[in-house]
Amino acid sequence: MNKILITGGAGYIGSHTAVELVKAGLEPIILDDLSNSNEKVLDRLEEILGKKLTFYKGDCNDRSVLDQIGKDHKISGVIHFAAFKAVGESTEQPLKYYSNNLGSLLVLLDFMKENSISYLVFSSSCTVYGQPDVLPVTESTPRKDAESPYGNTKKICEDILVDYVKSKAGIRVIALRYFNPVGAHPSAKIGELPIGKPNNLVPFITQTAAGIREKLTVFGDDYDTPDGSCVRDFIHVMDLADAHVKAFTYLNDKPSDFYDVFNVGTGNGNTVLEVIHTFEKVNDLKLNYEIGPRRAGDVVKIWADTKKINSVLGWKPSKTLEDSMRDSWNWQKGL
């Protein structure tokens, strides 16, 4: 198990995972169409690692690109990040999301079958839980109707993988349900680099602090939470990257036709206002923010029960929210 194909490997989570794979003695083969990432990330990765990485520019839906990779390399397994992920855009352009997110998985699974690649770690999301009735959510918490087409694509992709494993396809799969990735590599050479308007809270925070945005809007302060703002489980991207390596290694001695799912979070919920105040405190800054109306489709509160990943994969987060806010700001300043 040496060469690992990372689809979407130049993106936020993919690039950090590439670093952790190399540290673990594995060789990432990066595939990315650069639609939501920047080629300069590859130069930064090489600075961090002190070595050149193998990169293919292409779309995961394009079978010819995958076939070329299969000809050039003996791929042992795949970590599949490549997907459109903007919740708001998915409600406006649902067909774009269904076509890309489901299509790329189907093309990839067919490629894996033809090339006898039997290990897959799939990038899923806590969006599959919707607004849960009981907190924290465990892996057995019922999945609810998704709040967006994006969330629904993750749910359907999980169903596809379960059915495919049941078909005796000879594949071993782990789906990782991420909570809210934040932070950046401690070198400040790679981090979250949204193209255009960010979809996540922390880039809005850092861009406001940097003067790129005039102000930050908090959507609602009248929810049933400690300070009225929404609650999320914010996981440092380096801890999330480490979870992928541990998941991949765990698959190594599993029987064929294996499927499991793990939450990846801290096990704690923080409000949006807590995140803002933590950013201000650790970086000694004041943010220009205002309270706006609630945003349609927002889950009020969600955080992970992490007992399963702690005990089965031996994974625990090592970074704090303070670390995440410090690293995020150092990354933004470096830009």
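Guide: Helices (H or I, at least four residues) and strands (E, at least two) are DSSP runs, numbered from the N terminus. The model is predicted: local features need pLDDT of at least 70, side-chain atom pairs count only at pLDDT 80 or more, and totals for chains, interfaces and linings use all residues. Residues are numbered from 1 along each chain as its sequence is written, and side-chain values use heavy atoms, with hydrogens and water left out.

Visitor: In which strand does Asn180 lie?
Guide: Asn180 belongs to β7, residues 180-182. Gly265 is 85 residues away from Asn180 in sequence, and their C-alpha atoms are 7.5 Å apart in space.

Visitor: Which residues does Asn180 touch?
Guide: Contact means heavy atoms within 4.5 Å. Leaving out residues up to four places away in sequence, Asn180 touches Arg232, Asp233, Phe234 and Ile235.

Visitor: Why does Asn263 count as buried?
Guide: Buried means under 20% relative accessible area, exposed over 50%, and partly exposed in between (1.4 Å probe, protein chains only). Asn263 has 0% relative accessibility, so it counts as buried. Its place is in strand β11, residues 258-264.

Visitor: What lies 3.0 Å from a polar atom of the side chain of Asn263?
Guide: The backbone oxygen of Val137 does. The backbone oxygen of Asp305 is 3.4 Å from a polar atom of that side chain. A polar contact is a pair of N or O atoms within 3.5 Å; within protein, one must be able to donate a hydrogen and the other to accept it, and residues adjacent in sequence count only if both atoms are side-chain atoms. Val137 and Asp305 are also among the residues that Asn263 touches, as are Tyr129, Arg177 and Phe179.

Visitor: What makes α8 largely enclosed by the rest of the structure?
Guide: Of its 15 residues, 12 are buried, so α8 is largely enclosed. The buried ones include Val237, Leu240, His244, Phe248 and Leu251.

Visitor: Why does the span of α8 agree with what it should be?
Guide: The expected span of a helix is 1.5 Å times one less than its number of residues. For the 15 residues of α8 (237-251) that gives 21 Å, and the end C-alpha atoms are 21 Å apart, so the two agree.

Visitor: Where is Asp257 found?
Guide: Asp257 is in the loop between α8 and β11. Its phi is near 60 degrees, again positive in a residue other than glycine. With 24% relative accessibility, Asp257 counts as partly exposed.

Visitor: Which peptide bond is cis?
Guide: The bond joining Leu135 and Pro136 is cis, with omega about -5 degrees. Pro136 lies in the loop between β5 and α6.
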